[in-house]
Amino acid sequence: MPTENRIDCPALHKRSNSYPFGDRVPCTVRMLKTVTADPMPVIGFAYIKGDIPVCRENQIFPAWTNSHGAVAAVLPNGKHLGLRPAEFEVDTWHDIAQETAR
């Protein structure tokens, strides 16, 4: 992955005991269904500035993963949309040896 497109995420540096992917870290994810941001109780989507984030089925997005295994799709505008495990499949994995050498 070129340096300018590299997503640095906590899972590349440290993973908790409950981390679900073992020694691998998602690099890109393919959407299994269309996902939008969840509305907040009472205020709906008022907390979102601009367009409501959408990840469409079959699209591939760069992934950001925390040290516990929570995955977010990184949208073209740089915003993150949190994903549930049933909403995506890992398309590609980071090369941990190459990433930690940077």
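User: What makes strand β4 and strand β5 a pair, and in which sense do they run?

Analyst: In this predicted model, β4 (residues 60–65) and β5 (residues 71–74) share 3 bridges in the antiparallel sense. Pairing requires at least two bridges, so the two strands count as paired. Thr65 stands opposite Val71 of β5.

User: Why are β6 and β7 called edge strands?

Analyst: The open sheet has the order β6-β5-β4-β1-β7, with antiparallel pairing. β6 (80–83) and β7 (88–93) each pair on one side only. The twist from one strand to the next averages 40 degrees.

User: Why is the contact between Arg30 and Glu89 called a salt bridge?

Analyst: Their closest N and O atoms are 3.7 Å apart; the cut-off is 4 Å, so the contact qualifies.

User: What makes Arg30 partly exposed?

Analyst: Its relative accessibility is 26%. Partly exposed covers the range between under 20% for buried and over 50% for exposed, so the label applies.

User: Why can Ile52 be part of a surface patch?

Analyst: Ile52 has a relative accessible area of 37%, and patch members need over 30%, so Ile52 meets that cut-off. The nonpolar patch also includes Met40 and Phe45.

Technical notes
Residues numbered from 1 in each chain as written. Predicted model: local features only at pLDDT ≥ 70, side-chain atom pairs only at ≥ 80, totals over all residues. Heavy atoms only, no water. Helix = DSSP H or I, 4+ residues; strand = E, 2+ residues; numbered from the N terminus. Axes fitted to C-alpha atoms, helices over the stretch in contact; angles between N-to-C directions. Patch = residues over 30% accessible without salt bridge, like charges linked within 9 Å, V, L, I, M, F, W, Y side chains within 5 Å. Areas by Shrake-Rupley, 256 points an atom, 1.4 Å probe, with all protein chains shown as cover. Salt bridge = Lys/Arg side-chain N within 4 Å of Asp/Glu carboxyl O. Buried < 20%, exposed > 50% of the residue type's maximum accessible area, 1.4 Å probe, protein only.
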